[in-house]
Amino acid sequence: MRRIDARRNQLLEQEQDIAIALQQWSGRLGELQIEQLKVLAEKYSFSVAAGDVLFIDNRWYVTHSGLLRLATRKRCSGIHVRPVMEFCDAANCRWAFEATVYKSRTCKGFTGFGDADLNNTSSLVRGAEMRVAETRAVNRALRKAYGIGICSAEEIGSSPRPTEPPAQVVRFPAQLETTPVNGNGHRLRDQIQLLIRKHRLDASLVKLYAADFCGTSEIRQASREQVEKFAQHLATYAEKDACGLRCQLNSYLKTNEQSPVGEPQAAAKGEVEEERPQPVNVADPAKEAA
């Protein structure tokens, strides 16, 4: 009796779900799409009302929330996610992740990979490429683990719409001028390091240039505000005139090779020669007396 009631409730829920689907995608669902929805609802308990599936370009797609709900119902033992560093490039917003789903404690695992960059994500998620890549990896692993043949909505590679700007004009990091710097300056230091990696600059020459820009002998003697101004200046300089920036840095190359440690700015400006000219040429008074 309980099985009959459960089956009756399941059929009622399916009918309600189909009614919601017909209302949401009016005129776009044919008999084939409705039958596919019935199979998905019966086999995986996916629900349109709960946002488990979406109808895009005349096809059904499962969502990330739908896959997680399925994993919960199936008592999934765990999901392990890690970045694949050899395929990651933070400077160009390119990320790749590997996810492994364990259906039980004795399961050997089902592995899936996901990637995201500026070319296969929409502008709506610009700046969140790392999270998109992680979600795609988890979705693929869950679909393998539970035998789901339809693709997930988050795995679709979105092409830019006609009104969207090209991906290559997006600056990185975009929050350089707007993000407040914390007290220890770690975020500001990371931003400068990202600029160095992105534009392939010489880190030692950038330090000399920074010290000269801030008016100090060493960059560590500069204040946080001075370093912040230099980071903004470096980002703007690199975007507008990368060749000129490299020429500017190369002007410190000879100084960096010849200067003693701790006195790069003094050697660069000739201050050492101006401060110590007399001891070199002055004769020893004791020898003259002899």
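**Terms and values**

Guide: The chain holds 13 helices and five strands. Helices (H or I, at least four residues) and strands (E, at least two) are DSSP runs, numbered from the N terminus. This is a predicted model, where local features need pLDDT of at least 70, side-chain atom pairs count only at pLDDT 80 or more, and totals for chains, interfaces and linings use all residues. Residues are numbered from 1 along each chain as its sequence is written, and side-chain values use heavy atoms, with hydrogens and water left out.

Visitor: Why are H3 and H4 called oblique to each other?

Guide: The axes of H3 (residues 64-73) and H4 (residues 129-145) come within 10 Å and cross at roughly 45°. Axes are lines fitted to C-alpha atoms, for helices over the stretch in contact, and angles run from 0 to 180 degrees between N-to-C directions. Under 35 degrees is roughly parallel, over 145 roughly antiparallel, 65 to 115 roughly perpendicular, and the rest oblique. The angle falls in the rest, so H3 and H4 are oblique.

Visitor: Which residues of H3 and H4 meet?

Guide: His64, Leu67, Leu68 and Ala71 in H3 meet Thr135, Val138, Asn139, Leu142 and Arg143 in H4. Contact means heavy atoms within 4.5 Å. These residues divide into five nonpolar, three polar and one charged. Ala, Val, Leu, Ile, Met, Phe, Trp, Tyr, Cys and Pro count as nonpolar, Asp, Glu, Lys and Arg as charged, and the others, Gly among them, as polar.

Visitor: What makes His199 count as buried or exposed?

Guide: Its relative accessibility is 13%. Buried means under 20% relative accessible area, exposed over 50%, and partly exposed in between (1.4 Å probe, protein chains only). His199 is therefore buried. His199 lies in helix H5. Leaving aside neighbours within four places in sequence, His199 touches Ala238, Glu239 and Arg246.

Visitor: What is Cys151 in contact with, beyond its neighbours within four places in sequence?

Guide: Trp60, Tyr61, Val62 and Arg143 are in contact with Cys151. Cys151 and Trp60 are 91 residues apart in sequence, yet 8.1 Å apart in space, C-alpha to C-alpha.

Visitor: How many residues does the chain have, and what share counts as buried?

Guide: The chain has 290 residues, and 36% of them count as buried.
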